[in-house]
Amino acid sequence: MEKRATFDNRVLAYLLVAPQLLITFVFFIWPASQALWTSVRREDPFGLRSEFVGFANFARLFDDPSYLASFQTTLIFSAAVTALVLGLGLLFAAMADRIIRYATGYRTLLIWPYAVAPVVAGVLWLFMLNPTVGIFAYALQGIGVTWNHQLDGNQAMLLVVLAAAWKQVAYSFLFFLAALQSIPKSLVEAAAIDGAGPVKRFGTIVFPLIAPTSFFLLVVTLVYSFFDTFPIIDAITSGGPARATEILVYRVYRDGFVALDLGSSAAQSVILMLIVSALTVVQFRYVEARVQYQ
Amino acid sequence: MIERTRVLDWIAHLTVLVGIALLAFPLWLAFVASTHPPEALFKAPVPIWPGDRFFENYHAVLVRGVDSVGGAPISVMLANSLIMAVAIAVGKIVVSLLSAFAIVYFRFPFRMLCFWTIFLTLMLPVEVRILPTYQVTADLGLLNSYTGLVLPIIASATATFLLRQFFLTVPDELAEAARIDGAGPMKFFWDILLPLSRVNIAALFVIMFIFGWNQYLWPLLITTGDQMTTIVMGIKRMATVADSQPVWHEVMAVTCLALLPPVVIVVAMQRWFVKGLIETEK
């Protein structure tokens, strides 16, 4: 879609896009190309000279069992967060859609965690499951479970998953509710007249109609759990114990800022860029499809 | 709904209420903890009903300061967060308004190249290019400054797309009429386009304010002095003190203060928030 009525003033047009483009070049594209450049070079131990090493940094990464383990950790973490976020979001949205008269009030009470900073979400959950004072840790003790996420990697993983999902359920709830409310009532009524009960209607009519929204939420939640959960990991576990919760984004930060392994950190950045680019492309292809159907 | 099944309605109410309670429970505990004296939070079980120290505790953290973060009063951190959040939100909206206006209402060489360059930023979140972006910012001498906190993240592909989408729906006749009446592009932008965009700007402001307030990794990298600490960073430092238990009643008071502004904005401006959230993702 294009405008028929436009203005002719090239200089002004360039001035208008200049701020956005300048920031994009200086703080996005230039650093990204620096990462690409560094990822194929190796510095000497004193940081004085660097030489071209091809894909050696990448090869070194994929030979490193701890990097592959970090990949696996990220996949487990993202899968768990995504399943919780989509499952609970759909459940609450389906229920709120049923009692539509109260939906707006309920919506307010369900969406506020989205505004909470990831770090704050992490600290809230840390307080509930702190081995010394946590109320849930205490309750678990009562039924014979020793909770200490500082020592037990699985418990640490569970804790970061819960904190990450808690913050994001609101998001999928909102989108599922909007999708459910846009389904024409006549379709559901027709099925009801033909004798389909609520469960059958949900499976054969409602769910197929909200499938595009589900797919969109799947991609967005994956991006969230891959990239935006850094503060939660940093606040609760710092990647520990014994790297049990060291997701890829956390590792880039650790290797770059703490361990100062520039080549490796840059190679990891490039891998992450490829992942986020792939997810963005998938997301936008789907959006194009949705626009055409409307 | 179609059939009046009481049981199903009750199940629906019950499920949603359980969900609300589950989501609110961490916040409730935090608030309760922030109203108790420190002794109440040394060991489990912690209280689940509010205590009587609300005013003392909040007054203490806001005015006197917290030892584990260099004794700086929390009000300084709140002010830093507010400055950063408002500057990021306003900056993103201004920059995006201008570039969306140029892309929709002007014809110029490399127009689509500009568009795709802006699009590219979606694929480069801070988290994946932290080290080189830090270096650029350091080379420009922007460490430990508000400019450094704000400027590198005010490019916004999502805001530009949302506004472009909206500008495309504005009737062509308006621009034609403005031109016939002899109004230049900037007069058209200021007097016609901007007033029409009010709702979209409000929606973007809510989303971007939350984004700005909740920034963590970027401020963590580029600020070192206590004077530039934001509240979100301060909480992390208070909650993970080395070799000792955090001072929970203070941590929780600061936590409540940190989440109050964005939560109030989302609840009070819910209509714009929902609109902004759903439309920026399209």
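The following legends describe close-up views of a predicted model.

**View 1. Overall build of chain B.** The secondary structure of chain B consists of 14 helices and zero strands. Its radius of gyration is 24 Å, well over the 19 Å that the globule rule gives for 282 residues, so chain B is more spread out than a compact globule. Taken along the principal axes, the box filled by the C-alpha atoms of chain B is roughly 75 × 65 × 35 Å. Of the 282 residues in chain B, 45% are buried. Among contacts in this chain between residues at least 6 apart in sequence, 72% join residues at least 24 apart.

**View 2. The contact of chain A with chain B.** Chain A contributes 84 residues to the contact, and chain B contributes 90 residues. On the side of chain A that touches chain B, the largest share comes from helix α1(A), with 20 residues. By class, this side of chain A holds 65 nonpolar, 13 polar and six charged residues.

**View 3. Two residues of helix α1 in chain A, Leu15(A) and Gln34(A).** Helix α1 of chain A covers residues 10-39 and includes Gln34(A). Leu15(A) is also found in helix α1 of chain A. Leu15(A) has 12 C-beta neighbours inside 10 Å and therefore counts as exposed. Gln34(A) has 18 other C-beta atoms within 10 Å and is therefore partly exposed. Gln34(A) is 232 residues from Ala266(A) in sequence, while the two lie 8.4 Å apart in space, C-alpha to C-alpha. Leu15(A) is 251 residues from Ala266(A) in sequence, and their C-alpha atoms are 34 Å apart in space.

**View 4. The largest nonpolar core.** This core has 170 residues, and those with the most contacts inside it are Val120(A), Trp125(A) and Ile235(B). The largest share of the core, 19 residues, comes from helix α7 of chain A. Leaving aside neighbours within four places in sequence, Ile235(B) is in contact with Val119(A), Val120(A) and Val123(A) from chain A, and with Val251(B), Val254(B), Thr255(B) and Ala258(B) from chain B.

**View 5. Helix α7 of chain A, residues 153-181.** Helix α7(A) is mostly covered, with 23 of its 29 residues buried. At 1.5 Å a residue, these 29 residues should span 42 Å; the end C-alpha atoms are 41 Å apart, which agrees. Along its course, α7(A) bends by about 40° at Gln168(A).

**View 6. Helix α9 of chain A, residues 198-228.** Helix α9 has 31 residues, but its end C-alpha atoms are only 37 Å apart, short of the 45 Å that a straight helix would reach at 1.5 Å a residue. A kink of about 50° lies at Phe207(A), shortly before the proline Pro208(A). The buried residues of α9(A) include Ile210(A), Thr213(A), Phe216(A), Leu217(A), Thr221(A) and Leu222(A). Also buried in α9(A) are Tyr224(A), Ser225(A), Phe226(A), Phe227(A) and Asp228(A). An α-helix has 3.6 residues a turn, so residues three or four places apart point the same way.

Technical notes. Residues numbered from 1 in each chain as written. Chains lettered and ligands numbered in written order. Predicted model: local features only at pLDDT ≥ 70, side-chain atom pairs only at ≥ 80, totals over all residues. Helix = DSSP H or I, 4+ residues; strand = E, 2+ residues; numbered from the N terminus. Expected span 1.5 Å × (residues − 1). Bend = angle between axes of the 7 residues up to and from the residue. Buried ≥ 20, exposed ≤ 12 C-beta atoms within 10 Å, placed from the backbone. Contact = placed C-beta atoms within 7 Å. Nonpolar A, V, L, I, M, F, W, Y, C, P; charged D, E, K, R; others polar. Rg over C-alpha atoms; globule rule 2.2 N^0.38 Å. Core = buried A, V, L, I, M, F, W, Y, C linked by C-beta atoms within 7 Å.
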